[in-house]
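Dear colleague,

Please keep it open while you read.

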Amino acid sequence: MGSAIEASGVSRGDIFLTTKVWLEHYGEGPTRASVEDSLRKLKTDYLDLCLLHQPFGDAFGAWRDLVELYEEGVVKAIGVSNFYADRLVEFCAFNEVKPMVNQMETHPLNQQVDLMEWERKYDVQPEAWAPFGEGRGGLFHNPVLTEIAERHGKSTAQVMLRWNIQRGVVVIPKSVHRERMEQNIDVFDFTLDDTDMAAIAGLDTKTSSFFSHSDPKMVEWFAQMVEERKTQHDSSKEKKNW
Ligand SMILES: NC(=O)c1ccc[n+]([C@@H]2O[C@H](COP(=O)([O-])OP(=O)(O)OC[C@H]3O[C@@H](n4cnc5c(N)ncnc54)[C@H](OP(=O)(O)O)[C@@H]3O)[C@@H](O)[C@H]2O)c1
């Protein structure tokens, strides 16, 4: 990413750059080191936004490092990702500097209406990862979205993005195709009316299209992954020393 930004010729001030901290770098000290490593790789001296990727492990220690980096001006905004309402409220209630953003899976099949109420209460900006649900559940061909899209002369992808933007959710769609990237940014010349918004609200299943972060088996899976990565890291360090 650092090399791509450099090669693009776009000035740094015109780019909004976000990165996240992964679990094995959580805690006071390791989180600062991880952000510094990201800055080096991204070839920049500041981040626009930095998030704690998951709500597990020493997230409080990691948060203290992020707060310091925020106060030093190295990171312009700090937040979290995948924090369900209970963890988000805990974080807001027990930290002086509260998360400014919560990046969550949010798309028409999993709308996060309850979570958004808590985010509103604590002034946390919702941001949608997988705003198309990565196409799972046939979202690009959903009949409700297709009907709305045809009426507005837009694609179902554009309707999904517009719907979230009108709800006050920041969207970060991913595409490797230029024409789709152009399409995904061309969503500011139409408006969904109340009937459209209500029809899309009716698609909510209140269920993740991926997995639940409150499933104990998934928490164990994350813990095991961190252990494995630490072991890999230690053995590669040993090899280097040898
Ligand atoms: N915080 C987290 O835990 C977390 C988890 C997952 C993802 N994310 C982030 O969320 C962002 C996006 O999420 P995502 O990639 O998971 O899902 P997504 O944006 O919902 O879906 C991406 C998929 O949609 C396709 N697509 C994009 N634009 C399209 C269009 N206009 N028409 C038809 N198909 C289109 C892409 O295909 P092509 O690329 O082939 O065009 C790709 O297969 C990424 O920045 C990712 O890093 C964060």
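Where helix α4 meets helix α5, the residues involved are A85, L88 and V89 on the α4 side and D114, L115 and W118 on the α5 side; please bear in mind throughout that this is a predicted model. By class, this contact has five nonpolar residues and one charged residue, with no polar ones. Helix α4 covers residues 85–93 and helix α5 residues 113–121, and their axes, which come within 10 Å, cross at roughly 10°. Because angles under 35 degrees count as roughly parallel, α4 and α5 are therefore described as roughly parallel to each other.

The other helix pair I looked at is α2 (residues 30–42) with α3 (residues 59–71), whose axes are 8 Å apart and which pack at an angle of about 50°. That angle makes α2 oblique to α3. On the α2 side the contact is made by T31, R32 and V35, while α3 brings A62, D65, L66 and L69. Sorted by class, the contact of α2 with α3 has four nonpolar residues, one polar residue and two charged residues.

Turning to the sheet, six strands form an open arrangement in the order β1-β2-β3-β4-β5-β6, and the pairing is parallel. The edges are taken by β1 (18–21) and β6 (170–171), each of which has a single partner strand, so one side of each is left without a neighbour in the sheet. For β6, the pairing with strand β5 (residues 125–129) is in the parallel sense and runs over two bridges; in β6, V171 is the bridge partner of A128. Helix α3, already mentioned for its packing with α2, also lies across β1, β2 (49–52) and β3 (78–81), and it runs at about 170° to β2.

Which residues are the closest to the ligand? They are W129, F132, A157, K174 and S175, out of 23 residues that surround the ligand. Helix α8, residues 178–185, gives the most to this shell, with three residues. By class, the shell around the ligand has nine nonpolar, eleven polar and three charged residues, whereas the contact of α4 with α5 has no polar residues.

With kind regards

Technical notes. Residues numbered from 1 in each chain as written. Predicted model: local features only at pLDDT ≥ 70, side-chain atom pairs only at ≥ 80, totals over all residues. Axes fitted to C-alpha atoms, helices over the stretch in contact; angles between N-to-C directions. Helix = DSSP H or I, 4+ residues; strand = E, 2+ residues; numbered from the N terminus. Parallel < 35°, antiparallel > 145°, perpendicular 65-115°, else oblique. Contact = placed C-beta atoms within 7 Å. Nonpolar A, V, L, I, M, F, W, Y, C, P; charged D, E, K, R; others polar. Pairing = 2+ DSSP bridges. Near = placed C-beta within 6 Å.
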